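These are my notebook entries from an afternoon of looking things up in one structure.

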Amino acid sequence: MTVNGLRIRIRKGGTCAGTPLFLTAPYPESVRAFDAIWPALEALGPLVAVDLPGFGRSEFDERLMSPSAMGAFLPMLLDELGLDRVHAIVPDIGTLAALFAAARHPERFESIVAGSGGTAMALLGEPLRQIVASSPEDFAGIDGGEQVVELIRTSTRVPIADAVLEDYRQSSSGSRWNEAAAFVRAYAQDLPRLEVLLGSVATPVLVISGSDDPFVPPSNGAFLQKHLPRGVHRIVESGHFVWEDAAERYATLITEWVQGGYRAAV
């Protein structure tokens with residue numbers, strides 16, 4: 001579909017009734033990252049997953065390559081999708097965009113399931129810290145697709161289907177990974193701004209962290225729990241790609257949360 005002039009890749013499923021679940025794909029993967037949990041979520045309500053602009057197979061727009069800018073874009077995207085109020089399942093880069101959006105538009109979010117997204121500069125894992133400190137020139141001329149496939153093959157704890165890996169490869173091919181990295185490079189400016197806003201986020205937020213995540217250690221989830229008025233933190237035995245490494249546990253936590261657990265978050 002086209003949103004604000006940008007071609008956005010979407011995936012739909014689930015039931016017709018209930019509060020919609022709105023999923024944003026993690027970087028550097030795509031909506032195919034949710035393959036393993038999709039069947040378990042389909043009974044919970046309407047499902048809509050998206051590759052945010054510049055990520056997955058969606059069109060790039062340099063103006064949206066920061067957490068705060070993407071957060072401002074999310075309500076427009078929800079409008080185009082016809083979604084008034086959602087449970088947002090937003091791992092990785094989606095966590096930051098959704099928290100910025102929820103601080104300004106709380107009426108759009110019934111709840112948020114976050115995690116695997118860096119939340120404070122001092123808490124970032126070294127591999128992520130290196131990307132934040134990088135420049136586009138550092139990766140000029142490198143095919144990001146091949147790098148991403150190798151990263152996922154060596155980092156995930158479960159086999160990933162060849163068709164999914166090919167989708168990830170195409171999502172980061174050529175300069176796409178490097179262009180999308182601008183979002184991460186904006187952390188130095190936006191994470192301190194987000195910290196100031198967290199206390200005003202009234203939305204219930206479940207933060208799911210991988211116990212052995214080298215990019216975003218669980219301390220980032222603990223940081224959100226400490227600063228969010230209604231934050232809950234759960235640590236799952238996993239690396240960074242929790243939705244694939246521990247798909248059954250990840251889906252169970254989402255299911256319990258969406259089916260009423262979020263109302264108890266205080």
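**Entry on α4 and α7.** At what angle do α4 and α7 pack, and how far apart are their axes? Before answering I noted that I am working with a predicted model. I looked up the two helices and found that they pack at an angle of about 100 degrees, with the axes of α4 and α7 8 Å apart. Since angles of 65 to 115 degrees count as roughly perpendicular, I wrote that α4 is roughly perpendicular to α7. I then listed the residues that make the contact, which are Leu 128, Ile 131 and Val 132 on the α4 side and Trp 177, Ala 181, Val 184 and Arg 185 on the α7 side. Sorted by class, this contact of α4 with α7 holds six nonpolar residues, no polar residues and one charged residue.

**Entry on an aromatic pair.** In one of them, the ring centres of Phe 139 and Trp 177 lie 4.9 Å apart and the ring planes stand at 70 degrees, so I recorded the pair as edge-to-face. I also noted that this pair links distant parts of the chain, because Phe 139 sits in the loop between α4 (126-133) and α5 while Trp 177 belongs to helix α7 (residues 176-185), 38 residues apart.

**Entry on α5 and α6.** Next I looked at helix α5 (residues 144-155) and helix α6 (residues 162-171), whose axes come within 7 Å and cross at roughly 140 degrees. That angle makes α5 oblique to α6, and I noted the crossing of the two as right-handed. From α5 the contact uses Gly 145, Glu 146, Val 148, Val 149, Ile 152 and Arg 153, and from α6 it uses Leu 165, Tyr 168 and Arg 169. By class I find five nonpolar, one polar and three charged residues in the contact of α5 with α6.

**Entry on α3 and α8.** For helix α3 (residues 93-104) and helix α8 (residues 187-198) I found a packing angle of about 45 degrees and axes 10 Å apart. The two helices α3 and α8 are therefore oblique to each other, and α3 passes α8 in a left-handed crossing. The contact includes Leu 96, Leu 99 and Phe 100 of α3, together with Leu 191, Leu 194 and Leu 197 of α8, among others. The class count for α3 with α8 is 10 nonpolar, no polar and three charged residues.

**Entry on the sheet.** In which order do the strands of the open sheet of seven strands stand? I read the order as β3-β5-β4-β6-β7-β8-β9, with mixed pairing. The edge strands are β3 (10-14) and β9 (231-236), each of which pairs on one side only. Neighbouring strands of this sheet are turned against each other by 15 degrees on average, with direction ignored. I followed strand β8 (residues 205-210) to β9 and found that the two run parallel and are joined by six bridges, and that Gly 210 has Val 236 as its bridge partner in β9. Helix α9 (residues 219-227) packs on the sheet, where α9 touches β8 and β9 and its direction makes about 165 degrees with that of β9. Helix α11 (residues 247-258) lies across β4 (21-24), β6 (86-89), β7 (109-114), β8 and β9, and runs at about 170 degrees to β8.

**Entry on two backbone details.** Finally I looked along the backbone, where a cis peptide bond joins Tyr 27 and Pro 28, with omega about 10 degrees. Pro 28 has its place in the loop between β4 and α1 (38-41). I also noted Asp 92, a residue other than glycine whose phi is positive, near 65 degrees, and which is found in the loop between β6 and α3.

Conventions:
Residues are numbered from 1 along each chain as its sequence is written. This is a predicted model: local features need pLDDT of at least 70, side-chain atom pairs count only at pLDDT 80 or more; totals for chains, interfaces and linings use all residues. Side-chain values use heavy atoms; hydrogens and water are left out. Axes are lines fitted to C-alpha atoms, for helices over the stretch in contact, and angles run from 0 to 180 degrees between N-to-C directions. Helices (H or I, at least four residues) and strands (E, at least two) are DSSP runs, numbered from the N terminus. Angles under 35 degrees count as roughly parallel, over 145 as roughly antiparallel, 65 to 115 as roughly perpendicular and the rest as oblique. A crossing is left-handed if the near helix is turned anticlockwise from the far one by less than a right angle, and right-handed if clockwise. Contact means heavy atoms within 4.5 Å. Ala, Val, Leu, Ile, Met, Phe, Trp, Tyr, Cys and Pro count as nonpolar, Asp, Glu, Lys and Arg as charged, and the others, Gly among them, as polar. Two strands pair if DSSP finds at least two bridges between them. Rings of Phe, Tyr and Trp (its six-membered ring) pair if their centres lie within 6.5 Å; planes under 30 degrees apart count as stacked, over 60 as edge-to-face and the rest as tilted.
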